[in-house]
Amino acid sequence: MTDKPITYSDLLDVLEFQDYLNMKSKYIQYYTILNDNPYERISLRRWKFAYTAILNEHVRPRLATFKWEVIKENLNRYKEYHEIYFQQLNHNKNDKRAQELEKQIDLFNLIYIRRTAQIQYAKKKIEEKDLSWWDKLVNWWNSNSNQDNTEFKFNDSLSMEEKTKLYQAIGYKDDQPSQQLYYPEEYIDIDVSLKLSLIEINIWSLIHQNDLHMKVISRLSISNGQLEFQRRPARDDIQLVIDLNSLEMSGIDSELNNENELNLSRPLLIQSFNQTNKLLHIEFETNPLNTKSDYRIQAKSQPLQINYHAMTINKLIECFLPDRHHDLEGIKEAAYSIYIDIKHRTQFLVSENLKTITDLDIDIDLQSIYFIVPEHGFYQSSSSVICLDLGRFMFKGGEKNVQNLEKNVFYDAKSDQDDLIYVPLKIQLENVQLLYLTQNENWIDLRLQEDSPSHLIKPITLTLDLGKLIHIENNKLPIWKANGEIHSIESNISDTRLIGCFNLIESIPFPQSTRKSDQDQYEKSLSKNKKHQTTTKEHYDQIESMTPIQKILLEQEQEQDQQKQIEIQSGEQTTQLSIDFQIRKIELLFKRALLDLSDDTEDFLRIYFQSIFASAKIKTFDIEFNAYLEDLKIIDEQFETNEKNKLNILSFSNKSKLFEMNCLLTSTANPLFSSSPYNSIENNIDLKLNKILLNIHLDALSSIIGFKNNIFKKLNNKSNSSQVKQTSSSSSTTKSNSSSSSFKIDFRLEGISLLIGNSSSQILYIELEDFNGYLSKTNTHILSHLVLNDLRIYDAFNKSIYPFIISKQNKSNKLFSFDLSLFNYSNNLIKSSKIKYSFLKGQLEKLNIIFLYKHLDLILSIINSFQTKQNTLKQEDIPSNESSFLLSILEKYEQHSIEFHIDFILNAPQILIPVNSYSNQAILIDLGKLLMHSESNQQYRVTYENLSINRIILNNENKSLNLLECSPFQTLINRDFNSDNKEIYIKIFCDTIKFNLSK
């Protein structure tokens, strides 16, 4: 098989021409009508043709549908098809007439008629469900005793369910023609074997623009392929076997010989890693003999190596991008419609088959796939490479293959027989790893090692145990159960290897998308006048809303489905999936080169995550998700403590979990949405972070920042501009796809302790205690509640006169409390709410602050250490068009007279400024108190009082001298929204300001 760019373009031209012919055959008849009349101008003839085509194709057919003759004909056709389809449900077939009517009825009415017939058939079955077959037989005999036709019709007297039970009891098989043969289960009526020695697919293209002849740029070779197919007619079972010996794909070589032709030694893009064994073997069989399994699936593959060759990949992409645009809208619509139908049918068949599975025989063993990315996109012995090992994938299913299944994987059942209620499945992915290799390093040897300097990510093993419930009628147990685990994720990252990895990626010549903007603009122009074609699923959903068969069946089967109603009212739901997943350890070790860009490294920083656990339950109406992190440590390997231990930057001393997250996700379709625990909130999230200790060692912090700056300095960041453009373009799409679902986030931070010091001493100790609150958003309002218990800063120097730098004055009260409520008055649901006004409430307690120059100098030095010389993008250069929900509500407050209440008390801090660190003479500045209060909807009062400045001497007598004292400073704000100008009046007044200057 040979493919060329011209061939591919010609194929697109043929498809486009076929689409053009289909369109022309529809409208060519109107050209013949216009040929009888001569026209002076061609444009007038074209306008006349357009008018005639639209009139006959769109206007007149639509007007014809409103004629009484057409309506009567359609109604008779619909009634006839309804009767025929209803008889088909009762197993009385008339396929020939049904097919004729289906060609004359449109898709919408076809689905509608079928749904109404199904509802009628379901009602009939429910009405006949309570009668025995003998009672039905007596009723039929009595009802037809006076008729002329006294023949007994057995098929009409019993329902299909009753006939099935009767036939099973007497051993009779119905609907079997006398001519049909009964085959033994082992008999095979179809046995097909196909063997292909070699399949080659060649891609031809011009290497350079000035070339006269095309050359092969890629060749895909499949050798010794074999296909076997067997069918057993007894149960309509099949067996499919596929064998593939080797797979090889060659690329284009950049070197030319003397005749200016490509060398015969081509680079291999895809090749078998092991040439001795078969590359792939697949077996699929339904209902295998001598077993209880429903399906038998076996697959084995050998390792496969994939090499990235930049020149070949770029040429292939260029080959399949034609030079001009092709309009294939008709073919695209037909292909998309077929794809949608196949997708929904596949999903339905898979879901239905999974429900009825009782046992499986699955044995899949796929060896590793190695993805090699060389430097500059061309592999040489002296080039650096990135090797991604996708690992060995194993999938075992059924009691035969899963023998050593752990007992505690699934739900703790009460009896020993509960092991038989699940079909066991086991998935394992072994030795997934990532390596970066410099020149003269062999990835084939290093991949076998578990630890080496080349391993950016050490081998990872994923284990997942699954269980599928055999009898899904038992809604007390989950239909699917899963338990997954990753024992450890370890990574060694040195600055030399990391910089080399980034430089390797930047050295690869990726395909250029120069015509992407033109193509997007062309597709937009085509889709402007494109009419949306309704898919089959959209028709089905629309008719399902018109004929809700589920609701009708629920009303008809109210007595039999009473138990389901009780379960829904009590909140019991069917658990579709229950999964537990745990990562026992994640360890990231950063190494620093001793010399510039050398492999001689030393341990620098270690980040350690211990026991990450997540569990989820997907139910009928909601999803429960829980996760926690047991411990997190950040250790600096360069510095030690006084006890000769490594410096622990972040630690956690509590025995409980460091971080916990609990989520309850639901939707408005939940029948218990307005009750507890949902309370009309779609996403309930609860976050908890226990107390942590941060040891900020200034020398270690400076070393970490220098390590980071060194890496960014050596990296070539040429892609920053394109990345900014991408983020700016994606921000506009995020706006349109933003979700308006309701949520509530509860959070609690027990505390953070920060110890700031250096190698010689400890300087400051900062403690934040108990910060909690919640944030809630619905379609009607936003609620926020924040509470901070305490904030303290101590001077860690033992001989300091002022140990408390920042402390709360009133220790019994909370330091900070904040409540905000904003209603969305554009929503009509706000009228049903009891509380319709928005408010802002809060209080800040007074703080005592000691202001010393050494503390200010420490803060400035920490800020300066974070400053880098990188060319960062300014914030104003990034366009931001995203609208804020909060800002939109505030704009409504400005436009309309909306009731808003304020009750806020801010106790400003009291600042003590000593002469120096050892002096008892100081200046005390009390910034007073700020009160904000709304007296009515249109009047607000702001009061600032108790401002004073004193000069004091801290001794036994505590002498003080008043330097400044002010009377209350009041501001009155009136909003007059009743007038046309909507003016705001502000009145400011203060009685006295007293100064006292002395020596």
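Asp-389 counts as buried because its relative accessibility is 3%, where buried denotes under 20% relative accessible area, exposed over 50% and partly exposed the range in between, for a 1.4 Å probe and protein chains only. The model is a predicted one, in which local features need pLDDT of at least 70 and side-chain atom pairs count only at pLDDT 80 or more, whereas totals for chains, interfaces and linings use all residues. Residues are numbered from 1 along each chain as its sequence is written, and side-chain values use heavy atoms, with hydrogens and water left out.

Asp-389 belongs to strand S11; strands (E, at least two residues) and helices (H or I, at least four residues) are DSSP runs, numbered from the N terminus. Between Asp-389 and Arg-447 the C-alpha to C-alpha distance is 8.1 Å, at a separation of 58 residues in sequence. Strand S11 (residues 385-389) is antiparallel to S10 and is joined to S10 by five bridges, pairing being assigned if DSSP finds at least two bridges between two strands. Within this pairing, Val-385 of S11 is the bridge partner of Pro-374. Strand S10 (residues 369-374) also runs parallel to strand S8 (residues 304-307), with four bridges between them. Here Tyr-370 of S10 stands opposite Gln-305.

A further set of pairings involves S9, S12 and S13. Strand S9 (residues 360-366) pairs with strand S12 (residues 392-397) in the antiparallel sense, over five bridges. Lys-396 in S12 is the bridge partner of Asp-363, and Lys-396 also stands opposite Lys-426 in S13. S12 and S13 run antiparallel and are joined by six bridges.

Asn-431 lies in strand S13 (residues 422-437) and has a positive phi of about 55°, although it is not a glycine. Asn-431 counts as partly exposed because its relative accessibility is 39%. Asn-440 is located in the loop between S13 and helix H11 (443-446), and its phi, near 70°, is likewise positive in a residue other than glycine. With a relative accessibility of 73%, Asn-440 counts as exposed.Strands S36 (residues 948-953) and S37 (residues 959-966) run antiparallel and are joined by six bridges. Ile-953 stands opposite Lys-959 in S37. Five residues lie between the strands of this hairpin, in which Asn-958 takes a positive phi near 50°. In the loop between strand S21 (659-666) and strand S22 (683-689), where Pro-677 is found, a cis peptide bond joins Ser-676 and Pro-677, with omega of about 10°.

Helix H3 (residues 68-89) has 22 residues and should span 32 Å at 1.5 Å a residue, which agrees with the 31 Å between its end C-alpha atoms; the expected span is 1.5 Å times one less than the number of residues. In H3, the buried residues are Arg-77, Tyr-81, Ile-84, Tyr-85, Phe-86 and Leu-89. His-91, which follows H3, has a positive phi near 65°. Helix H12 (residues 495-507), with 13 residues, reaches 18 Å from its first C-alpha to its last, close to the expected 18 Å. Asp-495, Thr-496, Arg-497, Ile-499, Gly-500, Cys-501 and Leu-504 are buried in H12.

The largest nonpolar core comprises 13 residues, of which Ile-203, Ile-217, Met-249, Ile-270, Leu-279 and Leu-316 touch the most other members. Such a core is a set of buried Ala, Val, Leu, Ile, Met, Phe, Trp, Tyr and Cys residues joined through side-chain atoms within 4.5 Å. At least two residues of this core come from each of strand S4 (237-250), strand S5 (268-272) and helix H9 (310-319). The contribution of S4, three residues, is the most given to this core.

A cavity is a set of points, on a 1 Å grid over the protein atoms alone, where a 1.4 Å probe fits but cannot get out, and its lining residues have an atom within 4 Å of a point. The largest cavity holds about 40 Å³ of space, the volume being that filled by probe spheres set on the points, with grid points joined across faces, edges and corners. Its lining consists of Glu-185, Arg-232, Ala-234, Arg-235, Asp-237, Asn-287 and Leu-289. These lining residues divide into four charged, two nonpolar and one polar, where Asp, Glu, Lys and Arg count as charged, Ala, Val, Leu, Ile, Met, Phe, Trp, Tyr, Cys and Pro as nonpolar, and the others, Gly among them, as polar.

Note on methods: On a 1 Å grid over the protein atoms alone, a cavity is a set of points where a 1.4 Å probe fits but cannot get out, and a pocket is an open set with protein on both sides within 12 Å along at least five of seven lines; lining residues have an atom within 4 Å of a point.
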